[in-house]
Amino acid sequence: MDVAALRDCISQTLQANADIRRHAELQLKQAEQSPGFIGALINIVESEPDQNIKLSAVVYLKNKVTRSWEFNEDFPKVAPVPEEEKPAFRERLVPVLASSPQQIRGQLLPLIGKILHYDFPQKWPSYMDITLKLLHANDINSVFAGLQCLLALCRVYRYKSGDKREDLDTVTQATFPLILGIGNRLVQETSTEAGEMLKLILKIYKHAVYFEIAAHLREESAIVPWATLFINVVGKEAPPESMLEDLDEREQHAWWKAKKWAYSNLNRLFARYGNPSCMTSVNSENYKDFAKNFINNFAPEILKAYLQQVELWVAKRTWLSKICLSFIVAFMDECVKPKVTWQHLAPHVDNLVAHVLFPLLCQTDEDLELFGTDPAEYLHRKINFFEEVSAPDVAATNFLVTVTRNRRKTTFTVLNFVNDIVNRYEQAPEHEKNHREKEGALRMIGTLAAIILGKKSPIANNVEYFFVRHVFPEFRSPHGYLRARACDVLEKFSELDFQDHNNIVVIYQNILQSLQDPALPVRVEAALALQPLIRHEFIRKSMQENIPQIMQQLLKLTNEVDVDALANVMEEFVEVFASELTPFAVELTEQLRDTYLRIVSELMEKGQGNSDEDAFGEYLDDKSITALGVLQTIGTLILTLESTPEVLLHLENVLVPVITVTLENKLFELYNEVFEIIDSCTFSAKSISPTMWMVFELIHKTFKDRAEVYVEDMLPSLDNYITYGAEMMRQNPTYLEIIVDIIQTIFTHERLGAMDRICGCKLAEAVMLNIRGGVDNYLKGFIEIPMQCLINPPTKLVKSYQLHLMEMVINCVYYNPAVTLQVLEQHGWTNKFFSLWFSNIDNFSRVHDKKLSIVAISALLQLRPEQIPPTIQPGWHRLLQGAVRLFETLPVAMKNREEVSKEGLLEDDFQSDDGNEWEAGAEWNDEEKDETDIPDEATGYLEFLNSESAKLKETIDFDDDDDDDEEELEEESILESPLDSIEPYILFRNAFLGLKQQQPQLYDNLTKALSPEEQAIIGGVVEQASINEAQAAATAAALAQQTNGN
């Protein structure tokens, strides 16, 4: 490739003239497909003096390699890099990296990582040789590049385990003693460059031990010097040049990043490998001795080093970054449960509560500034604080919960401290009151709400008095953050049963007033508090009068700030106060629609103008979650309006923009909720309006445009279109063609698997059951599609998929038995199909399955002899034997379905938010408990997962043809079916007796083949049909009499 021409083309992409840029970009796209493209680009990166062109070239190079070093299904139209170009290119990469400035290295390293993922070590064995050469070099620049190369390799192996890590173990054996020595020298330095290099060494270790720690790194000769290095970095006084005035910039400085990774490594070693109580049966064999040694000899020393840092921080003799503080508190959290570490930590708990945890929970200057200038950001920080994994107050909150739940005597330490704070605040003159401390104390007690209200709690009865004395007054505080905290504490203690009814009245009045507060955070916290408080009957009844106004306020809040929890509040209120909101349903839906469209508009606008993919990803998540909550509220509202079809019709028109904007703009993360709304509209109305038929065409367009994988989300709504739009599909063949096209695509699209194709079987069934006599033209295809899958499967079929494929053919039999047999016979499939069907008769375990087979057998019994292919006439008697088995097991299946239905109702009725897993039978003053190891719940859960995984491996043999061990299909009531209204006993009796009257010879032949027991069962079916018929007639007569009487 002409390097000079490519260089000029890249230069033109930087021109101000838009036409020149567009032309150059098109030329680059064409050049990308040509041989020699990556080689020419690396020539430019290596030798170009113009830094802008060099940077553009390396970005193009990174994109090309990361997208197409090997074939990438995400970029199917991008041709892979030719194999013959790869060896020379690989050999040039590291030397170019070593000679490039940091800005260029930042683009080359992801590229190197991608190639390592595919090619190391087999195709790139020289990579480690050149990396070691760089690490042994005498100049800083080469060593720096060697560390970057080693880090890139360790990243590739970060999540690999077992045999897949053998190459990494070889690498670490060769390099870790070397970089350990470099690290020990660097920790004595103070320059920024030394901090950068030390940071790389610590990150290399982090990635190398993240998932597993190699045996040679667990040896005393390795773990002691490495842990010593980490502790030395933790204890090193920060160099003056790292103490920048801007605190955000200071946190990003290389030395503080190095400290961050030193803390991270020490914490990881303890939490994952060094704590015996965290060992599972899977890893205990490898790490048992290491863990025992670590917790006894290393963990106390780490804790000692951390406590020294805390002491300096409390005395204001050192500064600690937020992430460092978080790691310190998180390590102490890990020290609570093991007896060994608790004995070292316990003497410090009082001081930690007063001088570390409490200050971290109090409002900072930054918080107060946000409250006033950017209340929306304040809310995101305070309400979604658990998402801020590096936030010290999150770590402090977690530690408080852990220590009070597991070492319960410390609860009194915390509560006494809180009481001291609030009493001192109460007694102080107004001008001396410390409002931040009061807010922090309320936050602290709110954090412990679940523990305080726990079973056998000796202090739960005192909480109401605490509220009256210390919480209620803050609703009138001149400080907005205190008013917001008062609402928050009410929410946390929503499970408290107030003894004095007047206090519930006071709470409700205060919350309603707080909903009108001038400060946005107060209004939001009040709304969130109101949701759990509706468990109190007085509040719930009082809200019935004000619910329209409250919903208006919630909608207003949703438009002021994107807090997804507000949508959850609205959704519950819509469900609880359905009847009160019905008169306002249209107006409410319009407002929800407008809110959703605003959020989506902002989301798309942000996406178009944002070049920072990570930042946009976070923004997308926040916006999408809020939008999702609004959609869920709309869906719940629709379901409450099932009895008001005229309102539903209006709502459909209101919601068309919501559906359209989501599907047309491919907002995939919101598809599930939008399809639920379509499902709710069509199901609740029990008919398809012209508006929803327009939506149906949009669904098809969406499905064909890269949304095939969402077919499971689409299934309920598509089923509704078939069920309630059957007559329109008869009249308008275009609609029927759409459904058939979707079914056919499901079975042929390469991105779809067995579970998706089960949806295709269900749709085909819905078509044949609802549009009987109207799909003759498609019947042949409906037979051939499943039979081809059954006869010549590309891989072994999942049992549930196999059963659904058989049922698709059984539906064809029921739809038109004569034509179905003709098609099967034409292909030579008749015997194979009937053998499959009747050998699996017991696997049709659900009521639906059994009824389908019964109606199909009944249809076959009505065929004339000449319509029965000669190939299966000898086995025709098996029809009755199959029917016998189906009726024999039908009562059990019906009982099972009834029980499943009851269980579903119980699950809906019984809801508990109680999160006190620890409380059962526990005593608060258990002296011995403070001197023992506390079992780790997370480890227990991991053990459960491991055991289930082992069972799965034992029971599933993918090479075994015996399906007896596979689970049966479970009863489901998601989709309605015309089979639901069919009475199987009467239908079969009529077909059976009709056979006797019209074809007595065939009847005699079939019944003679039955055993006496089978004949008795058939007789019982006929008798039961008469009983069921009489009962149905009596019920109909009673209903008629009741109607006439009214």
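# Close-up views of an all-helix chain model

**Figure 1. Overall view of the chain.** Among contacts between residues at least 6 apart in sequence, 75% join residues at least 24 apart. The model is predicted. Its secondary structure comes to 50 helices and zero strands. The C-alpha trace spans about 105 × 85 × 65 Å along its principal axes. Of the 1046 residues, 51% count as buried.

**Figure 2. The largest nonpolar core.** This core has 338 residues. Tyr127, Phe573, Tyr596, Trp837 and Trp876 have the most contacts inside it. Helix α15, residues 284-314, gives the most to the core, with 13 residues.

**Figure 3. Surroundings of Tyr596.** Tyr596 is one of the residues with the most contacts inside the largest nonpolar core. Leaving aside residues up to four places away in sequence, Tyr596 touches Ala627, Val630 and Leu631, among others. Its partners also include Val658, Val661 and Thr662. Leu667, Leu670 and Val674 are touched by Tyr596 as well.

**Figure 4. The largest cavity.** The model has two cavities of 30 Å³ or more. The largest holds about 40 Å³ of space. Its lining includes the run Val65, Thr66, Arg67, Ser68, Trp69, Glu70, Phe71 and Asn72. Lys114 and Tyr118 also line the largest cavity. Helices α4 (51-68) and α6 (102-119) each supply at least two lining residues. The largest share, four residues, comes from α4. By class, the lining has four nonpolar, three polar and three charged residues.

**Figure 5. Salt bridge between Glu366 and Lys322.** The structure holds 40 salt bridges. In the one shown here, the closest N and O atoms of Glu366 and Lys322 are 3.3 Å apart. The pair links distant parts of the chain, 44 residues apart. Glu366 sits in helix α19 (residues 365-373), and Lys322 in helix α16 (residues 322-334). Glu366 counts as partly exposed because its relative accessibility is 44%. Lys322, at 38% relative accessibility, is likewise partly exposed.

**Figure 6. Salt bridge between Glu426 and Arg469.** The two side chains meet at 2.7 Å, N to O. The pair links distant parts of the chain, 43 residues apart. Helix α22 (residues 409-427) carries Glu426, and helix α25 (residues 463-471) carries Arg469. Glu426 has a relative accessible area of 34%, so this residue is partly exposed. Arg469 has 30% relative accessibility and therefore also counts as partly exposed.

**Figure 7. Salt bridge between Arg846 and Glu807.** The side chains of Arg846 and Glu807 meet at 3.9 Å, N to O. This pair links distant parts of the chain, 39 residues apart. Arg846 lies in the loop between α44 (830-839) and α45 (847-861). Glu807 belongs to helix α42 (residues 799-815). Buried means under 20% relative accessible area. Arg846 is therefore buried, at 6% relative accessibility. Glu807 is buried too, because its relative accessible area is 3%.

**Figure 8. A network of salt bridges.** Four residues are shown: Glu439, Arg485, Asp488 and Lys492. Salt bridges link them in a network.

How values were computed: Residues are numbered from 1 along each chain as its sequence is written. This is a predicted model: local features need pLDDT of at least 70, side-chain atom pairs count only at pLDDT 80 or more; totals for chains, interfaces and linings use all residues. Side-chain values use heavy atoms; hydrogens and water are left out. On a 1 Å grid over the protein atoms alone, a cavity is a set of points where a 1.4 Å probe fits but cannot get out, and a pocket is an open set with protein on both sides within 12 Å along at least five of seven lines; lining residues have an atom within 4 Å of a point. Grid points are joined across faces, edges and corners, and a volume is the space filled by probe spheres set on the points. Ala, Val, Leu, Ile, Met, Phe, Trp, Tyr, Cys and Pro count as nonpolar, Asp, Glu, Lys and Arg as charged, and the others, Gly among them, as polar. A nonpolar core is a set of buried Ala, Val, Leu, Ile, Met, Phe, Trp, Tyr and Cys residues joined through side-chain atoms within 4.5 Å. Buried means under 20% relative accessible area, exposed over 50%, partly exposed in between (1.4 Å probe, protein chains only). Contact means heavy atoms within 4.5 Å.
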